[in-house]
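Please keep the sequence and the structure in view while working through the points.

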Amino acid sequence: MIFCNILITINMSNDYKNLLQELQKHNEKATVSLYIPSANTFVNFKPLSVKQQTSIITGVMNSHQDKNAYAYQNILDDIILKNCESEQSDQILAIDRASILVQLRLLTIGENMEIEGVEYNLKKHVDEFTQTVSDVRTQEQTLEYEGINVDCSPPTLKHEYNVNVEVPQVFKNTTDKESVSNIFLIELTKYVDRVSFSDNQIEFGELTLRQKIQICEMLPMVLSQKIVEYIEQIREYETPHVKLVQGDKTIELPIDSQLFN
């Protein structure tokens, strides 16, 4: 009897291991094709796992505990970058984030989504993504004021993620009221490639976040306002993917845990 029980235990252990191995193989092969607006092309991604979906839903609570305003966004960006199977993951822009998350939500949970008691169809909304050709990659600009030149470009998702990961090393708390000015400076740095003045030219890619912030703090207010206007112009490329129109209603899709609830 004891021998039989041992055999049953061994068989159950083997079945358990085999099941895990088969699931692992399935996850490695499974892919979904997502449209990347900034590249005007489809790229293969791994679908969301249950573990990833759970981290998306619970991530908001963790961000408050960490006192890091970027903690939740880091979770989303990390999932996108890890799930992208193409070498183009380095080329995905930050403004592609919303489009990718909406598509993952559609494929994970389904095409119907209820917001404030009204049901919306995500599939119809996602099908319209390819109808507008984006020229955001050509929107590099050199902003000038009193001999100071600032070269700007739309940041990649990977670049923005790397900046956000570095934030706690510079600011211990970015969730309180006093952090608004700090977040403003952090956002400025993401869109700046280089700053030139007199005989000096500084490449932002060679600086730490703290150094970038110090330079942005020293820029004339007129020039920083020009950078803000540039940022707003770039972020407008995200609007078609978060604004859902259905009949006479237009709503903005929540690009957070609500999207996956």
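1. Two strands are said to pair if DSSP finds at least two bridges between them. The model discussed here is predicted. In it, Asp151 has Arg194, a residue of E7, as its bridge partner. Strand E6 (residues 148–152) and strand E7 (residues 192–197) run antiparallel and are joined by 4 bridges.

2. These strands belong to an open sheet of 4 strands, ordered E5-E6-E7-E8, with antiparallel pairing. Which strands form the edges of the sheet? They are strand E5 (141–145) and strand E8 (200–203), each of which pairs on one side only. From one strand to the next, the twist averages 15°.

3. Helix H7 (residues 180–191) touches E6 and E7, and its direction makes about 90° with that of E7. Helix H9 (residues 221–235) touches E5, E6 and E7, and its direction makes about 160° with that of E5.

4. The largest nonpolar core has 32 residues, of which Phe45, Ile56, Ile100, Val102, Leu122 and Leu253 touch the most other members. At least two residues of this core come from each of several elements, including strand E1 (32–36), strand E2 (41–45) and helix H4 (97–109). Leaving aside neighbours within four places in sequence, the contacts of Phe45 include Val32, Leu34, Ile80 and Ile100. Another core, of 29 residues, lies apart from the largest one; Ile148, Val163, Leu188 and Ile231 are among its members. In soluble globular proteins, nonpolar side chains tend to be buried together.

5. Is helix H4 largely enclosed or largely open? Of its 13 residues, 10 are buried, so H4 is largely enclosed by the rest of the structure. The buried residues of H4 include Arg97, Ser99, Gln103 and Arg105 as well as Ile100 and Leu104. The length of H4 can also be checked: at 1.5 Å a residue, its 13 residues should span 18 Å, and the end C-alpha atoms are 18 Å apart, which agrees. Just after H4, Gly110 takes a positive phi of about 130°.

6. Ala71 lies in helix H3. Is Ala71 buried or exposed? Its relative accessible area is 13%; buried means under 20%, and therefore Ala71 is buried. Ala71 and Pro168 are 97 residues apart along the chain, yet their C-alpha atoms are separated by 9.5 Å.

Technical notes. Residues are numbered from 1 along each chain as its sequence is written. This is a predicted model: local features need pLDDT of at least 70, side-chain atom pairs count only at pLDDT 80 or more; totals for chains, interfaces and linings use all residues. Side-chain values use heavy atoms; hydrogens and water are left out. Axes are lines fitted to C-alpha atoms, for helices over the stretch in contact, and angles run from 0 to 180 degrees between N-to-C directions. Contact means heavy atoms within 4.5 Å. A nonpolar core is a set of buried Ala, Val, Leu, Ile, Met, Phe, Trp, Tyr and Cys residues joined through side-chain atoms within 4.5 Å. Buried means under 20% relative accessible area, exposed over 50%, partly exposed in between (1.4 Å probe, protein chains only). The expected span of a helix is 1.5 Å times one less than its number of residues.
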